[in-house]
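Reader: Please take one part of this model and describe closely how its elements meet. A second part can follow for context.

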Amino acid sequence: MTRYISRRLVHAILLLLAVSFFSFGLLQLAPGDFFDAMRLNPEISQRTVANIRSEYGLDGPLPIRYERWLSSMLKGDFGFSLASNGPVAPLLCVRVRNTLLLSGTATVLAWLLALPIGVWSAAKRGTWGDRISRVATSTILTIPDLLLFLGLLLLAVRTGWFPTGGMVSPGADDLDAWGRAKDVAVHLALPALGLAVVMLPVLVRHVRSAMMDVLESPFVRAGRGHGIPRGRLLFRYALPAASNPLISLLGFSIATMLSTSMLAEVVLSWPGLGPLLVESILSRDVYVVVAIVMLSSVFLVFGNLLADLLLFASDPRIRAE
Amino acid sequence: MNSTRKLWCAVILLAGFHALILFAGFFAPYAPAAQDRDLPFAPPTSIHFRDAQGRFHFRPFVYGLKDDPANPGGYEADPDKMYALSSFVRGAPYKVAGLVGSHLHLFGVAADGRVFLMGTDGYGRDQFSRFLYGGQISLLAGLLAAALSVSLGVLVGALAGFYGGWIDDLLMRGSEIFLALPWLYLLFAVRAALPLHVAEWQVFLLLIAVIGMIGWARPARLIRGVVLSAKERKFVVAARGFGASDAHLLFTHVLPQTYGVVLTQLALLIPQYVLAEVTLSFLGLGVGEPMASWGTLLAALQQYYVLASYWWMFLPALLLIPLFLGYYATADALQERLKAVPL
Amino acid sequence: MRADTQDGTQPIDPVMRAVNLAKRHIQRRPMTQREFTVRAFEDVNLTIHRGTTLAIVGESGAGKSTLARCLALLEEPTAGEIWFDGRDLLRLHKKERFPLHRQIQLIFQDPTAALNPRLTAEEIITEPLAVQRIGPKEKRRRRALDFMEQVGLASSDYSKRPLEFSGGQRQRLAIARALALEPKLLILDEALSSLDLLNQQMILKLLADLRMAHSLTYVHISHDLQLVSEFAEEVAVMSAGRIVEQKPAAELFARPEQAETKALLAAMPPLESILMRRPA
């Protein structure tokens, strides 16, 4: 069993190394020396610039530069952000937290909805309810995400039921902890809802098809023959049997938590990684861009690894080799 | 509705949509860059058959616009100015696909009148015309990028599946890396590495290249699967038996088996890539003003007052839905047919 | 129709000889990935006499199909020699082997799988001609139509696709394709197994007629000893990857020597009825 884990781990690390090559390459592609702009900034002395340059190893040959860049990344130093005049890492911390808050909430919401809908849809296959849910999921899939988020924004603007952006209201610092939490929750509602709706169709489809496979199987039919009540049969017996593809899907959901919310954040002004990425691109803040790409790739790779490990742990058939 | 009929319906819908876009010059009453500074944010023009006195006209007409005193910045219809809507009018010159020039437009009104089917934006530009012309950019970008992705996918998948061994390992590891990267972020990152201000058509080509080169991994895997099973089929072995070369086997026997998967992948990728271009342009990272793509049309909605007051600015986004519907329905129907025919 | 092999004084020149042929491949166990060797066949010595019909029989899994494919140059044996036209085929380069495909052809068990369902009958038969670069297009086409007639198909059906033909007709189509190159040696890998009895007899008759017309040598791979007894002139018995006996048919059936042969024969209906059915 440890062989399996270590093999997947090595695989993940190699993958990340390849991603880091790629990101580093991107860094090199950016035209002009990043520090040219910095040099023009009168607040920073030439000496400082020269020091930072040698610290980042920008005056060495390519492999050395890569090694220094990689080692500083591993130590948690993600570079320097020109736009905000400070190191990148603390900038990212806050944003990552916000993004995870949003996508975490949306993911939980989406799964909480997808499981019952998918199971019920599979159980009542062919009936009107099933057809409606299938049409609904197809419809949501057809609507471009951008449109959905813009539509939600319009809803917020027109009805005033939701705040139209941001994470906190002005003056929120004056509130107590509970008040602040409520404030964030109110701001979270719309983006999380929108994101959950976007995630829903794919999840429902997978749950439904996994359940349909299981419901055909002999042991479920036997259960019905034994008179096990329907609800219990569905959720206590059938669903666990269908869990293999769903666990993989869950892993995938976790893996993409840093990246799925990007558009939602930008349109609905949620201060996460998404808007930061866009601003950084527009302001040529290369280190931030690369750091974000690396970070979300790390998340993706480890999320997939986690999914594989979960699957391995939960399915005795795979373990018995 | 069986899958063949569904397929035909979807294809006809798509063909109609694309024809509209291809002949944008003909269907659009105005040139995309034509500004009417007197009429910023005008609502969609209503077309009437019955005038204020209740008389019926066979030829539809529109009213002129004048400022609405009750609503600053708004407009109301001017009943004194009636402009008939004519068909096949002579208007601004344009070129179909950049080749054939013409002056003919499907419909229009006399010079003083305006017919804004989808209203105007802040510069007084007709949104309907801009939608059609913008489609040329967004749709073309999506089509070309999808063609690029799928071509790369076929190349990689066929080589990996047919030859196996280290080629297969190498190519599949490579595709894993691309699949491991978050697609949208990667797109943005590569866009970031490119110079921000280049000539418009260069941006366009770069955009296509970037979008297309990121998405080849999934088609490659699918095609590899098809090739793997196809090359084991007895008729391929039989062809080896009379000395057929690898190239002959690939082109005559193996690749034709992939047509179904190729078409389905195209039908799925085109809308995704169109959306990618729209998103990039929406955020100001794609094609810039004054070149109108659907994304730049929607970008105005990022401003609060536009979003709140001018509902017609949403229309370009809504019109994307039938386009996506057409493509997804095509993909669905194709997948059904693929499953049914045990080739 | 038999070539005169019984005359001990005049050995008929063999069209192909397999010497010490062996094929092994390495497979991995599914989960542990440990390797183990599979021996398809070993120490195969086979002589195929010109103009005869040789049947290679044995139970399923004896390695017969793999042997057939090796003889048809579709697979590489791991050891041994195949002598054909005075040359060892296995020592030849790819380029030198190319024209050899015109001389040796294989007919597969399942004609439906062996024919590309997207191609028309004409395309199927002209493909080998095109690959071997024979003649201008018009000539290939005429040859294709001609062979269709020879195998008993209507040449007006040239634009039909395999699925529009019946099972028996598809096998005829496969035979026409194989014959288009005018080979000397035709190897039939269980080619009759997937046909019903009537079609089997019809195809057997067709093969007999064609042999006369084109001076062919046949090698039939079969597990059906009863069927084999109806047409084979020589029989080689294969068991567990080895050829245990090769003799003229009548001798084999009358006086089997090896235990495996006896076991095979024992599974058949009584010998007399078989011997009575064979033509003199």
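Author: A helix contact and a sheet

B:Ser175, B:Phe178 and B:Leu179 of helix α4(B) meet B:Ala217, B:Ala220 and B:Arg221 of helix α7(B) (contact: backbone-placed C-beta atoms within 7 Å; helices: DSSP runs of H or I, at least four residues; strands: E, at least two; both numbered from the N terminus). The model is predicted: local features need pLDDT of at least 70 and side-chain atom pairs 80 or more, while totals for chains, interfaces and linings use all residues. Residues are numbered from 1 along each chain as written, and chains are lettered from A and ligands numbered from 1 in written order.

By class, this contact of α4(B) with α7(B) has four nonpolar residues, one polar and one charged (nonpolar: Ala, Val, Leu, Ile, Met, Phe, Trp, Tyr, Cys, Pro; charged: Asp, Glu, Lys, Arg; polar: the others, Gly among them). The axes of α4(B), residues 165-180, and α7(B), residues 217-231, come within 9 Å and cross at roughly 140 degrees (lines fitted to C-alpha atoms, for helices over the stretch in contact; angles 0 to 180 degrees between N-to-C directions). The crossing is left-handed (near helix turned anticlockwise from the far one by less than a right angle).

In chain C, six strands form an open sheet with mixed pairing, ordered β6-β7-β8-β3-β9-β10 (pairing: at least two DSSP bridges). Its edge strands, β6 (104-107) and β10 (242-248) of chain C, each pair on one side only. Strands β3 (53-57) and β9 (234-239) of chain C run parallel over four bridges, and C:Ile56 has C:Ala236 in β9(C) as its bridge partner.

Methods
Two residues are in contact if their C-beta atoms, placed from the backbone, lie within 7 Å.
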